[in-house]
Amino acid sequence: MPLIELNNVSKVFKKEFSRKEVHALNALTLHAHEGEIFGFLGPNGAGKSTAIKLMMNLIRPSTGGISIAGRDASDSGVRRIIGYLPENPYFYDHLSAKELLHFGGKSCNMDNDAIETRTTALLHELDLTESIKRPLRAYSKGMIQRAGLALALIHDPRILIFDEPMSGLDPMGRKKVFNLILRLREEGKTVFFSSHILHDIERLCDRAAILINGTLTRLLDVKEDLPKEKTLEDVFFEEVEKTGGLRE
Amino acid sequence: MSPKWYATVLLFVLTVCYALQFPWFEAARKNVRNVESKGITLPPEIVKLMSLEYNAISADFFYVRASQFFGGKVLTKSAATQDDWEWLYRNLDVITELDPYFEDPYYLGNAYLAWIAGMPEKANALLVKGVRAREWDWMMPFFVGFNKYYFLNKHQEGGDYLLIASKRPGAWKALPTLAARLHYNEGRTENALAFLITFWESEPDARIKRNYEVRIDALKKILSLEKAVSRYKKKTGRSPQNLKVLVQTGIIEKIPDDPYGGVFYVDKDGSIKSSSKLAFAGRPHGKSRKK
Amino acid sequence: MSGIISLAHITLKEGIRNRALFGIFILALLMFAATIALVNLFMRDIVKVAVDLSLSTISFAGLLMVVFIGTSLLAKDIDKRTIYMVISRPVSRTQYVIGKYLGLCFLVVVAVLLLGIVSSLPVYISSIMYKNPQAVFSWKIYFIAIVFIALKLMLIASVIVFFSSITSTSFISLVLTIAAYLIGSTNETVKGILDSKMEGVEITPPMAFIIKGVYYVFPNLSAFDLKLQAAHGLALAEGYLLSVPLYWLLYTGIMITAGSLIMERREFP
């Protein structure tokens, strides 16, 4: 049974007081299996973030269903096994990283010792030990991203869902995240992330889905399906041309 | 059974319970709400202030305004007009509506309205609110009783109020006796003096104390003159024509000065009066002391 | 459950560390100091004046805190997208609402406790400044009055929770809450005028209906105002001490439950 299932999912956004509708996703069907690293790529506005937010029950599908580990996404308990990193994380201004992670752990029913141990380890791994007591509003963009990762990992979830995890990071930061994802795969975790840095997807992912204008146009096994001469980039631009260019 | 369902049922149950508890709630509120006001139509600004939770400190604010204004006038010995007194009365009326338990407006009102403005009925109109609200306070009915006796010549009613006062905690032990005296209309000036000395003793405000001192001085002098007139009557069998006669016959050394700036004289009925009518010049008297 | 408690915990922390709170406390301290000075303007009933000013200060400072910091903790959570860090945890929307409200309540209790203790000072000083035999004051009723202020503030907090679940802008939530406060402070008086049928006051049937409606729909905040009772030591019937908290419980319950239901359906794109 796939760990993450999106079945025939559509999402239509309707602006208040207006007839205009935005079809963010059309009949998306997608499965991710346990232990794999799944990449999600597409141009800006393709619907990647929308799909991820549907998985996190931040928004509800207009049609279709989403289940995670056999449970419907609207079940709040299922998020016990998910670690989420949004595209731009925002935290309460006056908390410290330590307090943030403590909250993250407590909300997942972890006991204090476990939280303490994992906090120290994670902050060390993500180079945040110096700033442990400082309030989050004093953090730089890169530090915020890393704090967000720590929050996603504190409860040792089976599934990681990252929305553009490399955005805004400098080369050192990107290398860290890259290695982190590899480490997670070694631990047997399932990682689902979206990105438009094709190079990363090519190197990290087992499988990848290309989303254009809200529709899944290609699902490929990165190792097998890519012919020797073509890169993922070539495949991607092929798909874009096929759909006749991007919508406004 | 989704949690949403539970929540909807809970909301329904809570709303029903909320509707049902109102009779109990409103009954409890009625009991606690202040002494019901007489339903005076108040100016709209006052109702607005009353309506927020800050009505108690509005009372304080108005009170300070009133006492500062009148304190100033007394100090500079400048005349207060009839309009001023009406203004004071209306203010104190509002203040005691906002907070009928508040002690100060009753004291201020009595001191100025009864004693200086010559408006004892208005003073009493305020004080009776205090009698009703401040059930533990014996001075409220005491003031009403005194004013009725002294200014309004209503001895019976005055005595009745003194009896009410005597039943409240801490009341002056002599009240029942005084009430009895009022019913028999004896020794008016002595009674008045006894009252005045009680007022003077318990008054903390120095300005108002001075007012009482002046009055006590005047009454003591009147009392001494009354006693002199009695001695003259005993001696000669008739009333003296004027006060000079008392000096001439050696009953008193000299005619005492009226602290209010007037001149004492013997009235046709034999009682001692003063040309000042026991008020400083330039102040309206309204209804002065009656016989 | 631990999700609710830990959320309440960080909400409390975030509230306490808000700079505005510091300013509000300074304001309250100044008002207490002013109380000690102002009582000198009065003759006899100075304990009453000190009690008036002290309780009004607690109420006013508490109101500022609940309204400004409350909307910051709730509606701004959605405005500034900080809500994501909470609802991406295994915390349901209902647990979110309850946790936030609980945090706001903790904030109120801590603030009122602190202000209440400090407020005793002007009252105590005024009671020894002038020994008025006619003054009837009771510390017990004074502290009950403070408890009722806390209840009132927590009720207003529940109204903020409700409004924050409907609107997207923290400013609208702020304005609606202030309106609800003003209406709640006056609706009992206005209904009283309706009920007492005062002379010269004419009320048409549609107006009477509106007045009654407003009285039942908006909270009756005057029920929580015990300043006169505290100032003059007036006894409170036991029934009152049960009836008003019950009213509080039911009204707050309705606000929180309705807020939860609305939040369950809300989307955060």
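Mentor: Helix 8 of chain B covers residues 139-150, 12 residues in total, and reaches 16 Å from its first C-alpha to its last, close to the 16 Å expected at 1.5 Å a residue. This is a predicted model, in which local features need pLDDT of at least 70, side-chain atom pairs count only at pLDDT 80 or more, and totals for chains, interfaces and linings use all residues. Residues are numbered from 1 along each chain as its sequence is written, while chains are lettered from A and ligands numbered from 1 in the order in which they are written.

Trainee: What makes 16 Å the expected span?

Mentor: The expected span is 1.5 Å times one less than the number of residues. Helix 8 of chain B has 12 residues, and its reach of 16 Å is close to that value.

Trainee: Why is helix 8 of chain B called mostly covered?

Mentor: A residue is buried if 20 or more other C-beta atoms, placed from the backbone, lie within 10 Å of its own, exposed if 12 or fewer, and partly exposed in between. In helix 8 of chain B, 12 of 12 residues are buried, including Phe142(B), Lys148(B) and Tyr150(B). Over the 291 residues of chain B, 34% count as buried.

Trainee: How many residues of chain C are in contact with chain A?

Mentor: Contact requires C-beta atoms, placed from the backbone, within 7 Å. By that rule 21 residues of chain C are in contact with 26 residues of chain A. The largest share of that side of chain C, six residues, comes from helix 1 of chain C.

Notes: Contact = placed C-beta atoms within 7 Å. Helix = DSSP H or I, 4+ residues; strand = E, 2+ residues; numbered from the N terminus.
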